[in-house]
Amino acid sequence: MNQLGKLSTIACILAGPVLVYSGLIYYYGVNFPFLDDYDTILAHLLLPAGEQIANWFSPHNEHIHWVLRATASLDAKLFGEVNLVRLMWVGEVFFILFYLIFISSIQQRNIPWLWLIPLPLFLFQPSYWGTVTWATTSLHNFPGILFAFSAFFLWAQPKPWQKGCAILFLISALFTHGFGLAALIAVLLWEGHALYISFRNRPRTIVSPSLVRISILLVVLSLWILFKTNLTGPSGTESLETLDIFQATHFITNFIGSCIHFLGAPWITILALIEIGLLVWLTKKGLARKNPELYFFILYLFLCAALTTIARADMGPKQGLASRYRIFSTLLICSQYLGFVQLYWKKWSRLPHFFPSTLGLALLFYGYSLFVNTNNLNKIRVRLIEDRIRWIEGGDLQEYPDADRANRILTDAEKSGVFSVRDTQ
């Protein structure tokens, strides 16, 4: 097979799991609201047009969903009414953009395409099935992850305008979900690391570019804290003060290892401990210097786990296994794999059985996750269809904690024409 043929084959393999993920949305997606969809989408669309724009930046729990709400407003404007499955497709577009930037950033390090083949098998397995059945989760997680990694990617570039674009992406991440704060902290740690290296090499240097950049980032952080405080008042301190260390440890290990939830509790904890150990090893081997955007993206994912633990651990350790969080556990697997590929691919290439074993493990993981989680997807699909039937027949909605509020929102959405229940698939 010639070089062009090999590249075409690799491209098809890299695209295969993406197409399967698209098929899951097509088959399992239901155009009917689920949990937060009532508040973040339908209630939002009931506002007058001018108020909708202001509402893009209003808080919902710990998050500000500007991408979700702006997309919902645009979708309703273009098509006359919002379609929740269509919003899931938009979420997947954000995810695919992240995927393309992710693989191109690592390929720029002159790593052969062959070693990227396991990546989509890890990344597009459906353990985070909430993004396939829940529009809010899809347009909550994927844009935020794209903005965060784009910020890291651009921050690694040398030109000032690229740093400026990185700050804009950080701000977008802050206004997309609560994990934007983790991205900002990770970039601050990046600049702190650069300042330490600079001072160690030139101890007499008083002013450095890192100090200037740290000052800019601190200004962004201060403005963000001020903005959030004015909107919601002081938050987070009560959760931190009452945090139980054992409950928090259980929660954070569940969060970090949740992508293999189908293997059971002991394996989740084992994976979490392995991932912590891998972070220590990658730090020791200098990945922060060799590929800073990847290293600090890994650190960002651990910071996401820490922030979620502070905010949600009081809801019980099982909350850390929620499907909407498993994308972060999955990304940890992918990012740490790529970190080791960068450090060791030349050595691994000399071992004849190493790549086939890695690919076999990725295929096993992908196949088992697909088998288990399509069952979960079908359960949610059936629940949403049954909820829609109950509504059409005059019964109470069950996929929202407050049935009376859900009934009011859905009734008003139908009357105003922003959402149609009876024409859904």
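Is isoleucine 106 buried or exposed? Isoleucine 106 is buried, with a relative accessible area of 1%; buried means under 20% relative accessible area, exposed over 50% and partly exposed in between, for a 1.4 Å probe and protein chains only.

## Basis of the report

This is a predicted model, in which local features need pLDDT of at least 70 and side-chain atom pairs count only at pLDDT 80 or more, while totals for chains, interfaces and linings use all residues. Residues are numbered from 1 along each chain as its sequence is written, and side-chain values use heavy atoms, with hydrogens and water left out.

## Isoleucine 106

Isoleucine 106 belongs to helix H5, residues 84-107 (helices are DSSP runs of H or I with at least four residues, numbered from the N terminus). Not counting residues up to four places away in sequence, isoleucine 106 touches Ile111, Leu116, Asn291, Leu294, Leu338 and Gln342, where contact means heavy atoms within 4.5 Å. Leucine 338 is 232 residues from isoleucine 106 along the chain, yet their C-alpha atoms are separated by 7.5 Å.

## The largest nonpolar core

A nonpolar core is a set of buried Ala, Val, Leu, Ile, Met, Phe, Trp, Tyr and Cys residues joined through side-chain atoms within 4.5 Å. The largest one has 127 residues, and those with the most contacts inside it are Ile41, Phe98, Phe297 and Tyr300.

Isoleucine 41 is in contact with Asp36, Leu68, Ala72, Val82, Leu84, Leu87, Ala135 and Thr136, leaving aside its neighbours within four places in sequence.

Conventions: Helix = DSSP H or I, 4+ residues; strand = E, 2+ residues; numbered from the N terminus.
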